[in-house]
Amino acid sequence: MEPFETVERDVLVIGAGGAGLRATIAVREAGLSCAVVCKSLLGKAHTVMAEGGAAAALGNMGEPDNWRVHFRDTMLGGAYLNNPRIVELFAKEAIERVLELEQYGAVFDRTPEGLISQRPFGGHTYRRLNHVGDRTGLELIRTLQDKAVSLQPDVFMEFTVTRLLKDADRVVGALAYNRQSGGFVAFRAKAVVVATGGWGRMYKYTSNSWESTGDGAAMALEAGAELLDMEMVQFHPTGMLWPPGVRGLLVTEAVRGEGGVLRNSQGERFMFRPEYTPERYRGKYAETEEEGAGWLTDKANFRRPPELLPRDEVSRAIYKEVRAGRGSEHGGIYLDVSHRGADYIRRSLPSMYEQFHALGDIDITRQPMEIYPTIHYTMGGIRVDPDTCSTTLPGLYAAGECAGGLHGANRLGGNSLTDILVFGRRAGEAAAIYASSAMQGALDEGPVSAEMDLLLRPLSATSGENPFHLAAELQEAMQQGAMIERTEAGLTACLEKVLQLRERVEHVQVEGSRAYNPGWNAARDLRFTLRISEVIVRCALARKESRGAQWRSDYPGFDPEWGRKNLVARLEGDTLHVETRPLPSMSPELQSIMEEAR
Amino acid sequence: MLETIRLRVFRGDASGGEEREYPVRTFPGMVVLDAIHQIQGEQDGTLACRWNCKAAKCGSCSAEINGHPALMCKSRVEQFYDAAGLIRVSPLKTFPLIKDLVTDVSWNYRKAQQIPPLTVAADAPRPFRMMQGDVDRIQEFRKCIECFLCQDICHVLRDHGRKDAYFGPRFMIKIASLDMHPMDDLERRPHLMRAAGVGYCNVNKCCQEVCPEHIHITDNGIIPLKERVADEFYDPIRGLLRMLGLGRSRRQPMPEEAFTAPPEPAAERKPSP
């Protein structure tokens, strides 16, 4: 057998984005030893890319905001597929978590009264996004990084975890390799928190980095946990479109929050077309451009413009405009914020200004941006208990984007940054409690050896396919068959391709050694993206309705039957089962909150 | 723009290496990182580099392009190739090489750990009330994406190898962002002068020239810090007052022994295991 090192700690946290770092803080504050493992250097995780803000109903802007409104907005945005208890905990605790961040050292933008400033965002009734210009994610991850480091966990940077290790049913550790040296490490822990983020790399045009390959969800599934609502993949309405080198890069929703408007090639603000405002949002949005313009300066007496509908609705509208022949030069839509003036734009959207200036030769203070939807976020994920973030496997916890249930069929902008704070902490605390009364499990060397063999196979092969080429084929197939508009035929063809690629991945070959070898790393990542792609496509085929991010043009509209069900995916052997589960019930108090809106 | 260019990339590890040249097809808006990815995907999958966001927000893909420290994701190829269509890409010089374009930057993480976090007086009112005008300047420092380009170009670290004596520009502005925080209550000047070595900076401003976030590292960060240290330790009137037992800092003293840098090993730690 290949040699491997063993590292033993009370709790293992996989992933050092916002959720992983917040969990680490909770574990260390509970006095337990903690190993935190990340694929990149510390502080580079995807959280750093979040721009617009962290949603929490602080009510600093003179509006009657509170957790109940935040709860209702989130349920409505998620098209009622959310787990109500998860949303309740989230909306209540988001407030405390944001204020705590300020105590850790985060420096948010201020109101004239010296409180945290909040900005408007799609689907949020009131100004609710606590922000730092358009680099809120950087502020959040750096703050959590500093706080976590001050509590001295053991950080393993540039390590990739590839398999969870079990003792009978219980998760007792994980196998990883060191990206720098290629050496293997078996982590043994009394509890494991998965905080590995989402998966956008199986699509061609994505705002996600190389890390977003769904490792955590795939490993949890393979260990026997359940995945929830995996068909729900968010297409962010505004990704950069031109030049090709930047295609898919995110253009923050804050551009629209700060007054940016969407126009088609005819100069029309098409979001005002009535067909783009769904029934449940009728009457809540401005109906004329004048009304929308009034809202910029007087939020109490004017309704917000429809550019601030939830992301699923805006993405679909952009897609339909382009398909109807009203697209821009390069096949997108124009986003224009230049009317807000150069000073205002440079102050409130500095990194957008810089991004377009440096990468696109566009001055957004004078010119419109060309945009098109880009893969952004995954609402689905590992099925967890609302209060403890525990999975169906003892000893395994999940939090952040890799967990499911909070966002339902569509996430509201700003809800992810508070998601990782609220549930990162809950997962860390629950894991610490479990670990405090548990013993280390037994380390079975069988699966360790099998995983090391699997990892090493592409290096010892003498011929075979290039993993980068296979990854590109997968991206092409998912972009074609499982993007915004989905049909039975398109999904079926996509599934066939994914299954074919799953056979071909057994025969990839890479050159070189194990030390910092991107080709070798890509070969293992590909197994994760393929596994998750199959789950996405099978779930999208199963849900025969249109809801949130899932738009089946062959089954348009909500289906009340489907509105009562979640989809759950699990493995039996190597066979994937997709089954329906009734939605969790809503407490009478929460029901009454939903009815207040009617 | 030329249809094909040539990328001359350093290949090697701690035991040595050499430049190797690769032909690359261009496309509109192409950045150096795109060229590296093209080489990885089509010519040599073993070419090592770091990257994450590809949008100049994470600071992972730092390298030296034609000898200048820069983010590869923000460097458009047409701004770098010469008349012969050639671009040279090499790893950061100031840090030990791991492989190809990847260096061991762990020293920076050890320095970060030696800076005490925000320390708020026990009786401070919460939640904080802070005015925008009072946080503008620390928000500038907090834009730092930790690409370590400023550390790479800093003469003290790069040419004189004084990692044992000076934390470097990145951590000067980190200390500044804490010291100038309206709610911070820690007396940071002794630490700044001794362990962090602010005196080593000779105000060449190279660091702020390479900063991709355009932070005025020297002007707004290091110079004010130097002035604060000078006030505390070199002002004769203050010195006299101190001898008389007057003019003590109102801030909490820092438990300095907790943050004194442990000696840096002569050779950088090798990656383990």
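In this predicted model, begin by selecting A:Asp215 together with A:Lys39, whose side chains are joined by a polar contact of 3.0 Å. A:Asp215 belongs to helix 5 of chain A, which covers residues 215–223, and with a relative accessibility of 6% A:Asp215 counts as buried, because the limit for that class is under 20%. Next, display the residues that A:Asp215 touches once those up to four places away in sequence are set aside: A:Lys39, A:Thr160, A:Val161 and A:Phe528.

Now move along chain A to A:Trp242 and A:Pro243, which are joined by a cis peptide bond with omega at about 0°. A:Pro243 sits in the loop that runs between strand 11 (233–240) and helix 6 (254–257) of chain A.

For another cis peptide bond, switch to chain B and select B:Arg126 and B:Pro127, where omega is near -5°; B:Pro127 is placed in the loop between helix 2 (106–113) and helix 3 (132–141) of chain B.

Return to chain A for backbone angles. A:Asp361 is not a glycine, yet its phi is positive at about 55°, and A:Asp361 is located in the loop between helix 10 (350–360) and strand 14 (369–378) of chain A.

Finally, select A:Cys389, a residue other than glycine with a positive phi near 60°. A:Cys389 lies in the loop linking strand 15 (381–382) and strand 16 (396–398) of chain A. Is A:Cys389 buried or exposed? At 1% relative accessibility, A:Cys389 counts as buried.

Terms used: Residues are numbered from 1 along each chain as its sequence is written. Chains are lettered from A and ligands numbered from 1 in the order in which they are written. This is a predicted model: local features need pLDDT of at least 70, side-chain atom pairs count only at pLDDT 80 or more; totals for chains, interfaces and linings use all residues. Side-chain values use heavy atoms; hydrogens and water are left out. Helices (H or I, at least four residues) and strands (E, at least two) are DSSP runs, numbered from the N terminus. Buried means under 20% relative accessible area, exposed over 50%, partly exposed in between (1.4 Å probe, protein chains only). A polar contact is a pair of N or O atoms within 3.5 Å; within protein, one must be able to donate a hydrogen and the other to accept it, and residues adjacent in sequence count only if both atoms are side-chain atoms. Contact means heavy atoms within 4.5 Å.
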